[in-house]
Amino acid sequence: MVRLILNVLWFVFGSGLLLAIGYGVAALICFALIVTIPFGVASMRLAVYSLWPFGRTVVSRPSAGVASGLANVLWVVLAGLWLALAHITAGIAQCVTIIGIPFGIANFKLVPAAFWPLGREIVDLD
């Protein structure tokens, strides 16, 4: 029940909807460029995760190969660094108030996924 309340509050006040829209726009751009479709898929995964982050986590996929690692390097240069910095900045700003601390922690939880998204998957904690 607490996860549901936190997710609803995150969606409305904790920038969940704005993050999802941003990741969705990035995914559409990646899909339009054809070559960057894997980045678009990763961006859509992040969009869904940023909508409802409480009760889920990001884990490494052991079957990910060298190609995903090389693609992640390209992702970091093009978008990952900026997305990670945005999440860190938002997390610090949200942790200033007591009410915003869970949302700041959720933003910090999104940093590794935004920085290095390929070769990872989002799973439920249950």
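## Ground rules

A residue counts as buried when its relative accessible area is under 20%, as exposed when that area is over 50%, and as partly exposed in between (1.4 Å probe, protein chains only). Helices (H or I, at least four residues) and strands (E, at least two) are DSSP runs, numbered from the N terminus.

What you're looking at is a predicted model, where local features need pLDDT of at least 70 and side-chain atom pairs count only at pLDDT 80 or more, while totals for chains, interfaces and linings use all residues. Residues are numbered from 1 along each chain as its sequence is written, and side-chain values use heavy atoms, with hydrogens and water left out.

Let's begin with α4, which covers residues 66-94.

Is Val76 buried or exposed? It's buried, with a relative accessible area of 16%. Not counting residues up to four places away in sequence, Val76 touches Leu81, Phe115 and Trp116 (contact means heavy atoms within 4.5 Å). Pro117 is 41 residues from Val76 along the chain, yet their C-alpha atoms are separated by 9.3 Å.

## Two sides of α4

The buried residues of α4 are Ser68, Ala71, Asn72, Trp75, Val76, Gly80, Ala84, His87, Gly91 and Gln94. What covers them includes α1 (2-12), α2 (16-32), α3 (37-51) and α5 (101-115).

From Trp82 to Pro112 it's 30 residues in sequence and 12 Å in space, C-alpha to C-alpha.

## The nonpolar cores

A nonpolar core is a set of buried Ala, Val, Leu, Ile, Met, Phe, Trp, Tyr and Cys residues joined through side-chain atoms within 4.5 Å. The largest one here has twelve residues: Trp10, Leu19, Tyr23, Leu46, Ala47, Tyr49, Phe54, Phe103, Ala106, Leu110, Ala113 and Ala114. Two or more residues come from each of α2, α3 and α5, and α5 gives the most, with five. Apart from this core lies another, of six residues, among them Cys30, Phe39, Ala42 and Leu118.

Now for the gaps. On a 1 Å grid over the protein atoms alone, a cavity is a set of points where a 1.4 Å probe fits but cannot get out; a pocket is an open set with protein on both sides within 12 Å along at least five of seven lines; lining residues have an atom within 4 Å of a point. Grid points are joined across faces, edges and corners, and a volume is the space filled by probe spheres set on the points.

The largest pocket holds about 160 Å³ of space. Its lining includes Ala26, Cys30, Phe39, Trp75 and Leu83, and α4 supplies the largest share, five residues. The count of cavities of 30 Å³ or more comes to one. About 50 Å³ of space lies in the largest cavity, and among its lining residues are Ala42, Leu46, Ala113 and Pro117.

Technical notes: The expected span of a helix is 1.5 Å times one less than its number of residues.
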